[in-house]
Amino acid sequence: MPHLSGLDELVTAIGAAYEAALQAPLDSRVALRIRGGGSKDFYGGMLAGEVLDVGAYRGIVAYEPTELYITARCGTPLAEIEAALAERGQMLAFEPPHFDMATLGGCVAAGLSGPRRLQAGAVRDFVLGVKLIDGTGQVLDFGGQVMKNVAGYDVSRLLAGSLGTLGVLAEVTLKVLPKPVAERTLVFAIDEAGAIARLNQWAGQPLPISASFWHEGKLWLRLSGARAAVAAASDKLGGTAVADGERHWLAVREQTHQAFAGTPLWRLALPSTTPALGLDGLCSIEWGGALRWYAGEGDGVRELAAKAGGHAVLYRAAESLRCLEGAFAPLAPPLLALHRRLKKRFDPLGILNPGRLYAEL
Amino acid sequence: MSPIMPNAEPSFQTDRRQLVACLKLLLPAHCLLSDDEDLRPYECDGLTAYREMPLAVCLPESEAQVVDVLRTCHSLGVPVVARGAGTGLSGGAMPHAQGVVLSLARFNKILRLDRDARLAVVQPGVRNLAVSEAAAPYGLYYAPDPSSQIACTLGGNVAENSGGVHCLKYGLTVHNVLRLRVVSIEGEIFEIGSAAPDAPGYDLLALLIGSEGMLGVVTEVTVKLVPKPELAQVVMASFADVGQAGDAVAAIIAAGIIPAGLEMMDKAATAAVEPYVKAGYDLNAAAILLCEADGTPEEVAEEIARVTTVLREAGASDIRVSQSEAERLRFWAGRKAAFPAVGRITPDYYCMDGTIPRKRLAEMLSAIAAMEKKYGLRCANVFHAGDGNLHPLIMYDAAQPGEWARAEAFGAEILELSVALGGSITGEHGVGIEKINQMCVQYKTPELDAFRGIKAAFDETGLLNPGKAVPSLHRCAEYGRMHVHQGDLKFPELERF
């Protein structure tokens, strides 16, 4: 499929696929695989269908620094958005990974947040509005550009992390925040159990901690906020100040740090107080204990995470393995039924990213 | 059964005797109300202008009873309206004439408070403030603080996605709830979210929160608790002009400051509250701004200094900084008590809840001033200036013929202007029954259709809170026929009335 650069072209392409699917028998329907920068092809379930390249539908539509929002088309590279924000001293507070080529649409569709999620919140917490092209080629506008809007169901946030299975996020409006005035990175020598305990202790106190990362006996901590607050917290916490902290957090955000090198790589989201799981080859801990990375065969990882009240994603692994195991933890039957009904509502013929989130969707 | 018009409001015919007989089998006597005098207190919520008598009120004490009631209503085809404390301001908990009110008032226990994990598991009937009170000994609190927090319940907060003065910095309910336990209209229990972040699959939590009781009945809520800031301090600034005050708000944000609270009151509002709370407001100012900084003492000192500079440069005529906790609370007392204070100077008032982009503030306020003349009614304005959420209080006297109709039309015009300015018809109170016509202004047919599709995915028979929040296409067509958008009347050549 050629590069599509206008909304009309995207609508036409999806509309045509829908019309074709209406005619085709169920087992020979053509699916569309939505693709922006292609930076997250590794993520999620099966990659099925003809590529619908939305990367050329790009550009910042509106940016109002004093209203704290930015609206951009789905193919806009995150780098372009963040450069525009930086000029006005602002940022995407959830610090999404770029993986070189990430676009805004893919960022929201994947719902992956970076180190600052601990303090600032996840992608979904910053989505204010979306322009969606559903699986019939219809354009729908949800939410808007204001911080508070409770008119109708919050479809914009529902779409964060939906991996394109409900539609193409043609345009997205995100809330943005000012960059902190000051930041400082501290390092502590501490074992895994000690790090988990201390992170939870600190999180219960009014400290300006904006990121944490534990790996091989070292705990990295980032403080962000007013100059005086960062200095005071730093004095209180101790540890060793690091000169080039920013580079470290970039390596964590982009997963170029050696802790992320192993495969298959599991991503475990857990209640932050969950004790060390005792898995051989555990890689690292983020988000104050709530996110843990583990590289290894992973026998029983999913059960272990569920038992702790969380869930495990088979994050980076061969596609065949992801399709076999399922990239995401299975849903309880009533939830799966709801997912199916919602999918059917937005994409009645199931042509958008089938199998990317769950085999059943 | 008569055929149902496509997209018309579903109609229900309930056999009251059969319904009450069935409910009596499920619930002990003290959990069921069915005499008119017992039902009367439930005929409306905080929006008293709209009232309806239910056929029965159920006050279950266990989740099993909730399941039983829902199953029975589902099998009999009886509408169900869930209700917390009834403090909602959009008629979201107004009963259905053919239905049952399901009060969650007895679900009032805090089930678990985990200091280390910083979360609380509570029943939906727990009051908002009770959560923060229980967490206080650990130096934690629950951030969303609607003005009614002393009375409103967590279940109601979830239904409406409530905000409060702190939501610019700390978010709405949707940012502070981790998990919900829900009973479907069929009586099936499911859980969404967890104490772990980023639950797999669609973000159903976002869908449920703010769904106005139309997708399921919540029986348990897990909320995030956050550390209480060491210190909070508030700056109060007077402005001779409301436009100037609006610009000052933008200037604070542009300076990279996200205050813990940023509120504005116009002259009519300060005049109403000052005799009531004696907060020391500048009665000569056209508008006053309240700007709160919180955090460590060092952080607060730094932020207060920066805010003060910005406000001075923005033309504030008088600036005062609270010097003690008592003074801080006094500065806030007026803002928090604005509604009852206005209630003292008028027999009735109608509180609106539109959101606009901050930069359109002055435009909106001058339009409201013109509407005061047009409708012959006074209006006091208090709002969450930081996030552009306005609460115009339209004063009227229900005893005077025609005044309520004028107040209603006044309110509708404010909401429609909010949409025209790029905002929303509701920032935190919900659509309920009150703003259902304006939904047809904010959204077009495809979006409304999608909302109805979502509703059907959760509640196929449409029994949960029918007639609220999402209008039928039929209703929009009716309203649209009368609706004049930006002076454009459809078919202007036709005579009306």
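B:Cys440 and B:Cys476 are both buried, and they are joined to each other by a disulfide, with 2.1 Å from S to S. This is a predicted model, so keep in mind that every value here is computed. A search through the whole structure turns up one disulfide over all chains.

- A quick reminder: a disulfide is a covalent bond between the sulfur atoms of two cysteines.
- What does the B:Cys440 and B:Cys476 pair tie together? B:Cys440 sits in helix α15 (residues 436–442) of chain B and B:Cys476 in helix α17 (residues 473–482) of chain B, so the link connects parts that are 36 residues apart in sequence.
- The link of B:Cys440 and B:Cys476 is left-handed, with -80 degrees about the S-S bond.

- B:Met439 is buried, and its relative accessible area is 0%.
- Setting aside neighbours within four places in sequence, B:Met439 has contacts that include A:Ala151 and A:Gly152 from chain A. From chain B, its contacts include B:Ile425, B:Leu448, B:Phe451 and B:Pro471.
- B:Met439 and B:Val419 are 20 residues apart along the chain, and their C-alpha atoms are separated by 9.9 Å.

- The cut-off for a disulfide is within 2.5 Å.
- B:Cys58 is buried, with a relative accessible area of 0%.
- For B:Cys167, the closest cysteine sulfur is in B:Cys152, and the 13 Å between them is again too far for a bond.
- B:Cys167 has 7% relative accessibility, so it counts as buried.

- Which residues of helix α9 (residues 267–277) of chain B are buried? They are B:Ala269, B:Thr270, B:Ala272, B:Val273 and B:Glu274.
- Here's a handy bit of background: an α-helix has 3.6 residues a turn, so residues three or four places apart point the same way.
- Just after α9(B) comes B:Lys278, which takes a positive phi of about 50 degrees.

- B:Asn128 belongs to helix α4 (residues 128–135) of chain B.
- Is B:Asn128 buried or exposed? With 0% relative accessibility, B:Asn128 counts as buried.
- Not counting residues up to four places away in sequence, B:Asn128 touches several residues, among them B:Tyr142, B:Asp145, B:Cys152 and B:Leu154.
- The side chains of B:Asn128 and B:Asn157 are joined by a polar contact of 2.9 Å.
- B:Asn128 also touches B:Pro144; the two are 16 residues apart in sequence and 8.3 Å apart in space, C-alpha to C-alpha.

**Where a helix of chain A meets a helix of chain B**

- Two packed helices are described by the angle between their axes and the distance between the axes.
- Helix α7 (residues 227–237) of chain A packs with helix α10 (residues 297–313) of chain B at an angle of about 170 degrees, and their axes are 7 Å apart.
- That angle is why α7(A) counts as roughly antiparallel to α10(B).
- On the α7(A) side, the contact is made by A:Arg227, A:Ala228, A:Ala229 and A:Ala232.

- A:Thr263 and A:Pro264 are joined by a cis peptide bond, with omega at about -10 degrees. A:Pro264 lies in the loop between α8 (245–253) and β14 (265–269) of chain A.
- A:Glu95 isn't a glycine, yet its phi is positive, at about 45 degrees. A:Glu95 is in the loop between β5 (90–91) and α3 (104–110) of chain A, and is buried with a relative accessible area of 12%.
- A:Leu163, another residue other than glycine, has a positive phi near 50 degrees. Its loop runs between α5 (155–159) and β8 (168–175) of chain A, and at 6% relative accessibility A:Leu163 counts as buried.

Conventions: Residues are numbered from 1 along each chain as its sequence is written. Chains are lettered from A and ligands numbered from 1 in the order in which they are written. This is a predicted model: local features need pLDDT of at least 70, side-chain atom pairs count only at pLDDT 80 or more; totals for chains, interfaces and linings use all residues. Side-chain values use heavy atoms; hydrogens and water are left out. Helices (H or I, at least four residues) and strands (E, at least two) are DSSP runs, numbered from the N terminus. Buried means under 20% relative accessible area, exposed over 50%, partly exposed in between (1.4 Å probe, protein chains only). Contact means heavy atoms within 4.5 Å. A polar contact is a pair of N or O atoms within 3.5 Å; within protein, one must be able to donate a hydrogen and the other to accept it, and residues adjacent in sequence count only if both atoms are side-chain atoms. Axes are lines fitted to C-alpha atoms, for helices over the stretch in contact, and angles run from 0 to 180 degrees between N-to-C directions. Angles under 35 degrees count as roughly parallel, over 145 as roughly antiparallel, 65 to 115 as roughly perpendicular and the rest as oblique.
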